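Good morning, and thank you for joining this group meeting. I would ask you to keep the sequence and the structure in view while I speak.

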Amino acid sequence: MKQWFKSGSPWIWMTGGAVSISLISVIGLLALIAGRGLGYFWPAEVTEFKIERGAQSDTVIGEIYDREFVPVSRLKDAGVDLGNFQGEEVERLLIKTGNREYVDLDFRWILTTDIKSQSNPADLAVLERSKNGNFYGYVVDVEKDGVMLIDNKRTELAELVERAVSYNDEALDLQNGPIGHINYELERLRLKEKALALKEQLTNEIAADFEAQREAYRQEYLVLEKELFALRKKAKRDAVIIKDMRGELVRVPLYQVLDVTFPNDMGIFSKLGHYFKQLGKFLSDDPREANTEGGVFPAIFGTVFMVMLMAVIVTPFGVIAAIYLHEYAAKNSITKMIRIAVINLAGVPSIVYGVFGLGFFVYMLGGSIDQLFYPEAAPSPTFGTPGVLWSALTLAILTLPVVIVSTEEGLSRIPSSVRQGSLALGATKAETIWRIIVPMASPAIMTGLILAVARAAGEVAPLMLVGVVKMAPTLPVDMNFPFVHLDRKFMHLGFHIYDVGFQSPNVEAARPLVYATAFLLVTVIVALNITAIAIRNHLREKFRSLEH
């Protein structure tokens, strides 16, 4: 045993065991997040319960969301009558009932002792709506263009829902596209006119020209407005009559319906198709219902856009700083202090960077830019308010030490003979660094960038101060000049997780979205890292010959 310890084998086994435990923990965590998040999109069966408690009877229709066992003593202490039940624990089910307009709660608990009967009728329908969540019930009638249909109600309903969705999409595209462009141009004209007025350069001729342009936009707006109202009118002319769990007939306009399914009557392939359809909508749609419904596309776009902008900013500054410290700076106490300061900056809490970004970038730098270049927009700030640019700069400062340290380590691994050989052949020091040293150190630079991207993509605390919001009306990139709007606020997957998980008015409905968004954030970070790693490996192979 003593010889075995001296051989070092125990330390090898301990190290291997620690790595294995770490890998199992990470894989297990990802599996848990993926299972709970991705399972949300699978079409669950809808159950009809007949409830009896004492002399009261009720009908409940909904999805079984969760189940748990509750001690009988706790229920009796709460005044719940369990009748002749003799067990120590009783099972209760959490049912998602939907139909928010007509029930007190979107979710309710049901004791299994109160269930008289339960069934899964094939004709139970689930209506996914643009507001107020899902609606559960039996399809009684379908109204097409004001006329009740008699035959093929289910097929006609699916076609009418698809038609209403297409009308709504056209209306939304019109509103966000041409109409939004007109509003944007009208605001630009107003600011131009105000800027000329502040400079006392606004003449009657220029004012008349501005008014003529505004009138042309107004006339174009009126035409588009009529088209918009016509699309909305077409979307509102169809409806479906549903019998809900109260036994009441409810008329649901189809312009509020996004999808209709009969999950109890779906086969495995139909469920798979519906699953991938819902997953695609989650990735491509905008959020709704206080972020508890819909998709997360603006958050995905905002996260990727901000990280890429941060990478563009931090890489040149980090590389230049590392080159100066390693290639030009004298080897004295001041340089050592700078290196120590850079290393210590990597340990500063991220919220401190957020406070710095808010005070320096937003209020000081952004406010100065507004005073110098955008006085006509006052008192509304342009750059003197949190936005995607300030978020990227804040995270660039946060991740700058990582890039500097990684790049400097890469520079230190390059043999001095390479530099001396280049200088001996007549190259200047700048040419040597640009053509020889930087290419050879590019894998290390990419390693620093990978670490910076991994940290920046998951940061939330500083972004809450310098640019991220719960709901952004527009993306930072659109078809309006100058096309990239760095002054706009944006959505972020990390903040979306915090908002849905801890600020949502409907916690039970939001819980699966927290897991789904968390898994999506991890996927985005992994995708960004894999891309950077592929670039690093390509550079490493490309400049491998320079190392020999």
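Predicted model: local features only at pLDDT ≥ 70, side-chain atom pairs only at ≥ 80, totals over all residues.

Which residues does Glu-293 contact, leaving aside its neighbours within four places in sequence? They are Tyr-40, Arg-100, Gly-133, Pro-287, Arg-288 and Leu-513, where contact means heavy atoms within 4.5 Å. Glu-293 is found in strand β13, residues 293-294. Helices (H or I, at least four residues) and strands (E, at least two) are DSSP runs, numbered from the N terminus. Glu-293 has a relative accessible area of 7% and therefore counts as buried. Buried means under 20% relative accessible area, exposed means over 50%, and partly exposed lies in between, with a 1.4 Å probe and protein chains only.

Residues are numbered from 1 along each chain as its sequence is written, and side-chain values use heavy atoms, with hydrogens and water left out.

Let us turn to the chain as a whole. The protein chain has 15 helices and 13 strands. Its radius of gyration, taken over C-alpha atoms, is 31 Å, whereas a compact globule of 548 residues would have one near 24 Å; the globule rule is 2.2 Å times the number of residues to the power 0.38. Along the principal axes, the C-alpha atoms fill a box of roughly 100 × 95 × 45 Å. Of the 548 residues, 42% are buried.

On a 1 Å grid over the protein atoms alone, a cavity is a set of points where a 1.4 Å probe fits but cannot get out, and a pocket is an open set with protein on both sides within 12 Å along at least five of seven lines; lining residues have an atom within 4 Å of a point.

The second largest pocket has a volume of about 810 Å³, a volume being the space filled by probe spheres set on the grid points, which are joined across faces, edges and corners. Its lining holds 36 residues, and Tyr-40, Phe-41, Trp-42, Glu-63 and Lys-96 lie nearest its centre. Among the elements that give two or more residues to this lining are β2 (56-71), β13 and α15. With five residues, α15 gives the most.

What of the largest cavity? The volume of the largest cavity is about 40 Å³. Among the residues that line it are Pro-298, Gly-302, Leu-475 and Met-491.

Leu-475 is found in the loop between α13 and α14. Is Leu-475 buried or partly exposed? Leu-475 counts as partly exposed because its relative accessibility is 25%. Leaving aside neighbours within four places in sequence, Leu-475 is in contact with Phe-297, Pro-298, Phe-301 and Arg-488.

Finally, consider helix α14, residues 493-502, which is mostly covered: seven of its ten residues are buried. Those buried residues include Phe-495, His-496 and Val-500. What covers the buried residues of α14 includes α7 (297-328), α13 (463-466) and α15 (507-542).
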